Amino acid sequence: MSWLRLIRSDGVGPLTFFALLERFGSAEAALSELPALAKSGQRRPITMAPEGLAEREAEAVAKAGASILIATDPDYPRPLAAIPDPPPVITVLGEVAHLSRDGVGIVGARNASAVGRRMASTLARELGEAGYVINSGLARGIDGAAHHAALQTGTVAVLAGGVDQIYPPEHRDLYTEIIDHGAIVSEVPFGMVARARDFPKRNRIVSGLSKGVIVVEAADRSGTLITARLALEQGREVFAIPGSPLDPRCEGTNRLIRNGAILTRHTDDVLEGLQTLPGIREPDRTHYTAAPLPDAAPSDRRIWRRQIVELLGYTPVTRDVLIRETDIPPAYIADILLDLVLDGKVDEAPGGFTLSTSDN
């Protein structure tokens with residue numbers, strides 16, 4: 001219950017959550033330290049979730065027949081645990097086991113063409129028959145076509161709102177069928193209506209659950225391309241369906257191919273591409289021990305803090321990149337990033353850290 005209360009505390013996102021565990025050793029210890037952090041003069045306050053909030057959410061989830069998984073649970077999907085910013089807590093409606101199957105994400109335009117929908121359906125059906133669960137976001141267009149085609153073999157819908165929030169409303173029947181033949185997943189609180197900023201966060205879970213992501217149709221500046229970028233950052237393969245250069249819905253997919261995505265004509269192209277992927281290395285998220293940082297002079301810490309800020313921009317950067325690009329001890333990178341987030345200098349974003357837009 002302490003994990004649920006900590007992640008529901010205002011100002012604590014996934015990256016901050018795990019940084020707090022690394023600093024204090026456990027969610028219980030982090031919760032006990034939050035009041036002090038909130039009073040320490042930082043410009044971004046942390047508001048601890050009320051004691052009864054987690055209990056009420058857990059009761060509502062159980063009443064709906066759903067399950068809550070934390071990242072240390074045996075049933076928590078291991079590929080998702082391996083991404084840089086996994087959700088510490090997810091809620092699942094349906095069959096939890098589908099989350100641990102080898103998965104392929106299929107995403108694309110909401111205003112998809114008939115050809116695009118047919119392609120998504122064919123890929124979803126044939127990949128399902130080959131043993132893969134199909135992951136997508138329950139959106140109109142390509143997402144819906146992929147879910148429909150994979151109902152008999154298994155499909156997972158990741159929602160930007162709570163697992164009880166059906167969006168779009170016309171997918172109510174599909175939503176019900178997915179619960180019967182797959183799973184509905186969300187990291188946000190039960191009952192919460194999705195906000196615009198929640199959709200990119202949702203996209204990282206779609207790609208995180210998948211060995212590869214297929215983009216069927218996507219405009220040049222679309223949310224679908226965010227999913228493709230996140231998949232690449234997570235070490236997943238990206239597949240793209242080529243389309244007419246005269247169709248704006250194909251500008252994004254054609255550009256992905258130009259930039260190195262696997263040109264996909266049929267299911268065999270996907271199956272062949274998935275065979276060449278290296279194994280996903282999962283960090284140990286089961287044990288955290290509060291330990292003193294190595295000795296470092298205050299001047300060194302100030303220099304390291306400045307170096308980290310200089311490397312950050314408005315495109316997300318992972319902690320692994322900062323470790324690779326500097327000589328800063330990894331333990332200090334985690335600690336300094338936590339302080340920068342609490343100070344309001346740095347924001348969490350899907351896939352990493354960015355400079356805070358409110359700091360300008």
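Predicted model: local features only at pLDDT ≥ 70, side-chain atom pairs only at ≥ 80, totals over all residues.
His171 is located in the loop that joins strand E5 (155-158) to helix H8 (172-181). Its relative accessibility is 11%, and because the cut-off for burial is under 20%, His171 counts as buried. A polar atom of the His171 side chain lies 2.9 Å from the backbone oxygen of Leu138.

The peptide bond leading from Tyr167 to Pro168 is cis, with omega near 0°. Leu138, whose backbone oxygen faces the side chain of His171 at 2.9 Å, belongs to the loop between strand E4 (133-136) and helix H7. Leu138 is buried, at 0% relative accessibility. The phi angle of Leu138 is near 65°, a positive value in a residue other than glycine.

Helix H7 spans residues 142-149. Of its 8 residues, 6 are buried, so H7 is largely enclosed by the rest of the structure. The buried residues are Ile142, Asp143, Gly144, Ala145, Ala146 and His147. The elements against which the buried residues of H7 pack are strands E3, E4 and E5 and helices H6 and H8.

Two packed helices are characterised by the angle between their axes and by the distance between the axes. For H6 and H7 the angle is about 35° and the axes are 8 Å apart. The crossing of H6 past H7 is right-handed. On the H6 side the contact is formed by Gly116, Arg117, Ala120, Ser121, Ala124 and Arg125, and on the H7 side by Ile142, Ala145, Ala146 and Ala149. By class, the residues of this contact comprise 6 nonpolar, 2 polar and 2 charged. Three of the H7 residues named here, Ile142, Ala145 and Ala146, are among the buried residues of that helix.

H6 (114-129) also takes part in covering helix H12, together with strands E3 (103-107), E7 (212-215), E8 (237-240) and E9 (262-263), which are included in the cover of the buried residues of H12. H12 consists of residues 267-275, of which Thr267, Asp269, Val270, Gly273 and Leu274 are buried. Viewed down the axis of H12, these buried residues fall within an arc of 160°, so they line one face of the helix. On the face of H12 turned away from the buried side are the exposed residues Asp268, Glu272 and Gln275.

The loop between helix H10 (223-233) and E8 contains Gln234, and Arg236 lies in that loop as well. Gln234 is buried, with a relative accessible area of 11%, and Arg236 is also buried, at 3% relative accessibility. The side chain of Gln234 makes two polar contacts with backbone atoms: one with the oxygen of Arg204 at 3.1 Å and one with the nitrogen of Gly208 at 3.2 Å. Beyond its neighbours within four places in sequence, Gln234 is in contact with Ile83, Pro84, Arg204, Ser207 and Gly208. The side chain of Arg236 reaches the backbone oxygen of Pro79 at 2.9 Å.

Leu256 is part of helix H11, which covers residues 251-258. At 16% relative accessibility, Leu256 counts as buried. Apart from neighbours within four places in sequence, Leu256 is in contact with Val215, Leu225, Ala228, Val238, Ala240 and Ala261. Leu256 and Ser9 are 247 residues apart along the chain, and their C-alpha atoms are separated by 38 Å.

Notes. Residues numbered from 1 in each chain as written. Heavy atoms only, no water. Buried < 20%, exposed > 50% of the residue type's maximum accessible area, 1.4 Å probe, protein only. Helix = DSSP H or I, 4+ residues; strand = E, 2+ residues; numbered from the N terminus. Arc of directions from axis to C-beta. Contact = heavy atoms within 4.5 Å. Axes fitted to C-alpha atoms, helices over the stretch in contact; angles between N-to-C directions. Left-handed = near helix turned anticlockwise from the far one by under 90°. Nonpolar A, V, L, I, M, F, W, Y, C, P; charged D, E, K, R; others polar. Polar contact = N/O pair within 3.5 Å; in protein donor to acceptor, adjacent residues only side chain to side chain.
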